[in-house]
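Colleague: I have the sequence and the coordinates open side by side, and I would like to learn how to read features from them. Could we go through them one at a time, with the general idea before each case?

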Amino acid sequence: MRGSLIHILVMFFNIRCGERIENTMEAFTHATQQGTEMLELDCHLTRDGQVIVSHDENLLRQTGQDITVSTVNFNELPLYKESLEVTFNTGKFSTGEDRHFARLEDVFRTFPRMPVNIEIKEDNEALINQVSALVKQYHREDITVWASSSNHIMSKCRAKNPCMPYMFSMKRGIQLLLLFYSGLLPFVPLGESFLQFYLPCIFNRTYIPDMPILRNQMVVYLIEKLTIRKSLFDHLVKRGIQIHLFVCNEEQDIETVFTVGATGVMTDYPTLLRNYFIKQGQET
């Protein structure tokens with residue numbers, strides 16, 4: 001389904017919006033008004049079977065209440081905090097009028113032709129089934145992307161709905177690098193439509209990783225040298241695969257992303273990205 005998303009996406013909005021409360025309809029609406037060409041979100045299933053948009057399954061960080069999505073009905077979900085720290089911009093906070101959790105169905109209804117990247121973090125077949133059913137119901141298999149770092153979960157997503165484009169899992173990403181450095185990549189078919197991963201230079205600057213190993217500057221340096229390869233990106237783009245790097249919340253990082261040949265940038269600040277394009281004479 002690589003040809004389904006026919007144009008190169010250059011403006012990519014991340015769920016942790018720095019300009020509105022994350023994952024709310026207000027945040028998504030604001031992002032689209034700024035010219036965003038794709039929404040990225042995570043989904044979880046409530047006790048009564050509603051697919052909601054939430055980065056976390058446990059809602060302590062977002063709401064201050066230590067509950068999990070799967071243990072409550074949709075109408076029992078608490079409100080977001082009035083002020084929420086932006087994970088990928090340490091020390092910065094977002095606010096907004098809308099503090100309600102959104103349903104995936106609401107996103108599809110409101111933005112019927114907006115491409116959406118859906119990350120599935122849970123090994124939950126009921127969730128995968130529900131997401132696939134909603135994608136089919138709203139006739140958007142060509143513009144909705146399966147995303148998961150887990151190869152096991154990705155296999156389940158693809159088995160449930162093989163018509164949707166999908167990204168490289170972590171295992172497949174490592175295989176991709178091995179093929180690239182061995183020189184075999186041009187001769188191996190690839191089914192994925194998207195390569196998405198962190199821009200390493202944001203680590204320990206705008207984003208403090210949870211994993212101690214990623215707080216080691218030498219480790220981050222090696223990851224950057226291995227993964228940020230313009231020749232690799234150029235090859236993948238020629239094969240119709242889009243490259244999205246995240247989370248870029250400073251102009252210097254946005255500049256880096258496009259300099260190395262990526263086709264999309266994920267940001268918490270859609271206005272920052274829009275202003276970058278205006279300055280470049282490429283207003284969206």
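Colleague: Let us begin with H30: in which element does H30 lie, and is H30 buried or exposed?

Modeller: Since this is a predicted model, what follows describes computed geometry. An α-helix has 3.6 residues a turn, so residues three or four places apart point the same way. H30 lies in helix α1, and because its relative accessible area is 8%, under the 20% cut-off, H30 is buried.

Colleague: How should I read a positive phi, and which residues other than glycine have one, N23 for instance?

Modeller: Most residues other than glycine have a negative phi, and most peptide bonds are trans. N23 is not a glycine, yet its phi is positive at about 65°; N23 sits in the loop between β1 (12-13) and α1 (25-33), and because its relative accessibility is 0%, N23 counts as buried. N204, likewise a residue other than glycine, has a positive phi near 65° and is found in the loop between β9 (194-198) and α7 (217-227). With 26% relative accessibility, N204 counts as partly exposed.

Colleague: Where is there a cis peptide bond?

Modeller: The bond that joins F246 and V247 is cis, with omega about -10°. V247 belongs to the loop between β10 (242-246) and α9 (251-259).

Colleague: Turning to pockets, what volume does the largest pocket have, and which residues lie nearest its centre?

Modeller: The largest pocket has a volume of about 1,400 Å³, and of the 46 residues that line it, S149, M170, F197, Y198 and F246 lie nearest its centre. Two or more lining residues come from each of β2 (38-45), β7 (116-119), α6 (170-182), β9 and α7, and α6 gives the most, with six residues. By residue type, the lining of the largest pocket divides into 29 nonpolar, 11 polar and six charged. F246, which lies among the residues nearest the centre of this pocket, is also a partner in the cis peptide bond.

Colleague: What lines the second largest pocket, and how do its residues divide by type?

Modeller: The second largest pocket has a volume of about 150 Å³, and its lining consists of M25, F74, N75, L77, P78, L79, D98, R99, H100, F101 and A102. These divide into seven nonpolar, two polar and two charged. M25 is one of the buried residues of α1, while F74 has R103 lying over its face, at 5.9 Å from the ring centre.

Colleague: How many aromatic pairs are there, and what do I look for in a pair such as F88 and Y198?

Modeller: For a ring pair one reads the separation of the centres and then the angle between the planes. The count comes to 13 aromatic pairs. The rings of F88 and Y198 have centres 5.6 Å apart and planes at 35°, so this pair is tilted. The pair links distant parts of the chain, with F88 in the loop between β4 (84-85) and β5 (93-94) and Y198 in strand β9, 110 residues apart. F88 is buried, its relative accessible area being 3%, whereas Y198 is partly exposed at 31%.

Colleague: What is the arrangement of F258 and F277, and where in the chain do they lie?

Modeller: The ring centres of F258 and F277 are 5.7 Å apart and the planes meet at 55°, so this pair too is tilted. F258 is in helix α9 and F277 in helix α10 (residues 270-279), 19 residues apart, and the pair again links distant parts of the chain. F258 is partly exposed, with a relative accessible area of 22%, while F277 counts as buried at 3%.

Colleague: Which residues do ring pairs link into a cluster?

Modeller: Ring pairs join F88, Y198, F203, Y207 and F246 into a cluster. Y198 and F246 are also among the residues nearest the centre of the largest pocket.

Notes
Residues are numbered from 1 along each chain as its sequence is written. This is a predicted model: local features need pLDDT of at least 70, side-chain atom pairs count only at pLDDT 80 or more; totals for chains, interfaces and linings use all residues. Side-chain values use heavy atoms; hydrogens and water are left out. Helices (H or I, at least four residues) and strands (E, at least two) are DSSP runs, numbered from the N terminus. Buried means under 20% relative accessible area, exposed over 50%, partly exposed in between (1.4 Å probe, protein chains only). On a 1 Å grid over the protein atoms alone, a cavity is a set of points where a 1.4 Å probe fits but cannot get out, and a pocket is an open set with protein on both sides within 12 Å along at least five of seven lines; lining residues have an atom within 4 Å of a point. Grid points are joined across faces, edges and corners, and a volume is the space filled by probe spheres set on the points. Ala, Val, Leu, Ile, Met, Phe, Trp, Tyr, Cys and Pro count as nonpolar, Asp, Glu, Lys and Arg as charged, and the others, Gly among them, as polar. Rings of Phe, Tyr and Trp (its six-membered ring) pair if their centres lie within 6.5 Å; planes under 30 degrees apart count as stacked, over 60 as edge-to-face and the rest as tilted. A charge sits over a ring if NZ of Lys or CZ of Arg is within 6 Å of the ring centre and within 35 degrees of the ring normal.
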